[in-house]
Amino acid sequence: MSLSVTSEEVTTRVGAICDGLAGLEGPLLPILHEVQEEFGFIPEGALQTIAKKLNLSRAEVHGVASFYHDFRDKKPGKHVIKICRAEACQAMGADALANHAKHKLKVDWSETTANHNVTLEPVFCLGLCACAPAAMVDGKVVGRVSKDRLDRILNEVES
Ligand code: FES
């Protein structure tokens, strides 16, 4: 997606997504997922379009979009690294791993590095509990992530 998508483009593209999915039972989540797939995040202007198409208030749509960690309200970096924060991973050192990632990248959760290369996000169980701590790098799950392994991953995405 271009960085300079106009509000008209957002309205048009989100409207088309709504038209395609509005007939589903419980269409809001599928629409939000599709909008994020389209833009990489949920643009501010998308909320009003979705609300109008589904006959909901903007606040209702915003409430759902902000409730789920999966939905972003900002364009992510070129690479997205998610670190699991759920119980099994926490028991295996995920907090220390996350702090290491934050320190190396100089970001907090859901922030993007200054060069717009990496976004760090929390995730709550990747189904890889037996290989904790787990992470996801650009959609690919990785288990037994040590600090050294994370450093190698960060070096790869930086190159
Ligand atoms: S708790 Fe982290 S993958 Fe399940």
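Visitor: In this predicted model, which residue stands opposite Val-118 in S3?
Guide: Strand S1 covers residues 79-84 and strand S3 covers residues 118-123. S1 and S3 pair in the parallel sense over six bridges. The residue that stands opposite Val-118 is His-79.

Visitor: Which residue in S3 is the bridge partner of Thr-112?
Guide: Thr-112 belongs to strand S2, residues 111-112. Two bridges join S2 to S3, and these strands run antiparallel. The bridge partner of Thr-112 in S3 is Thr-119.

Visitor: How many residues lie between S2 and S3 in their hairpin, and which residue in the turn has a positive phi?
Guide: The hairpin formed by S2 and S3 has five residues between the two strands. In the turn, a positive phi of about 60° belongs to His-116.

Visitor: Are helices H2 and H3 roughly parallel or roughly antiparallel?
Guide: The axes of H2 (residues 28-39) and H3 (residues 44-54) come within 12 Å and cross at roughly 150°. Angles over 145 degrees count as roughly antiparallel. The crossing angle therefore makes H2, relative to H3, roughly antiparallel.

Visitor: How many of the residues in the contact of H2 with H3 are nonpolar, polar and charged?
Guide: From H2 come Leu-28, Ile-31, Leu-32 and Val-35, which meet Ala-46, Ile-50 and Leu-54 of H3. The contact has no polar and no charged residues, and its nonpolar residues number seven.

Visitor: Is Asn-55 buried or exposed?
Guide: Asn-55 sits in the loop between H3 and helix H4 (58-67). Its phi is positive, about 60°, although Asn-55 is not a glycine. The relative accessibility of Asn-55 is 72%, and the cut-off for exposed is over 50%. Asn-55 therefore counts as exposed.

Visitor: What is the relative accessible area of Ser-110?
Guide: Ser-110 lies in the loop between helix H6 (94-105) and S2. Ser-110 is not a glycine, yet has a positive phi of about 65°. Ser-110 is partly exposed, and its relative accessible area is 45%.

Visitor: Which residues does a cis peptide bond join?
Guide: Pro-133 is found in the loop between S3 and strand S4 (135-137). At the cis bond, omega is about -5°. The residues joined are Ala-132 and Pro-133.

How values were computed. Residues numbered from 1 in each chain as written. Predicted model: local features only at pLDDT ≥ 70, side-chain atom pairs only at ≥ 80, totals over all residues. Heavy atoms only, no water. Axes fitted to C-alpha atoms, helices over the stretch in contact; angles between N-to-C directions. Helix = DSSP H or I, 4+ residues; strand = E, 2+ residues; numbered from the N terminus. Parallel < 35°, antiparallel > 145°, perpendicular 65-115°, else oblique. Contact = heavy atoms within 4.5 Å. Nonpolar A, V, L, I, M, F, W, Y, C, P; charged D, E, K, R; others polar. Buried < 20%, exposed > 50% of the residue type's maximum accessible area, 1.4 Å probe, protein only. Pairing = 2+ DSSP bridges.
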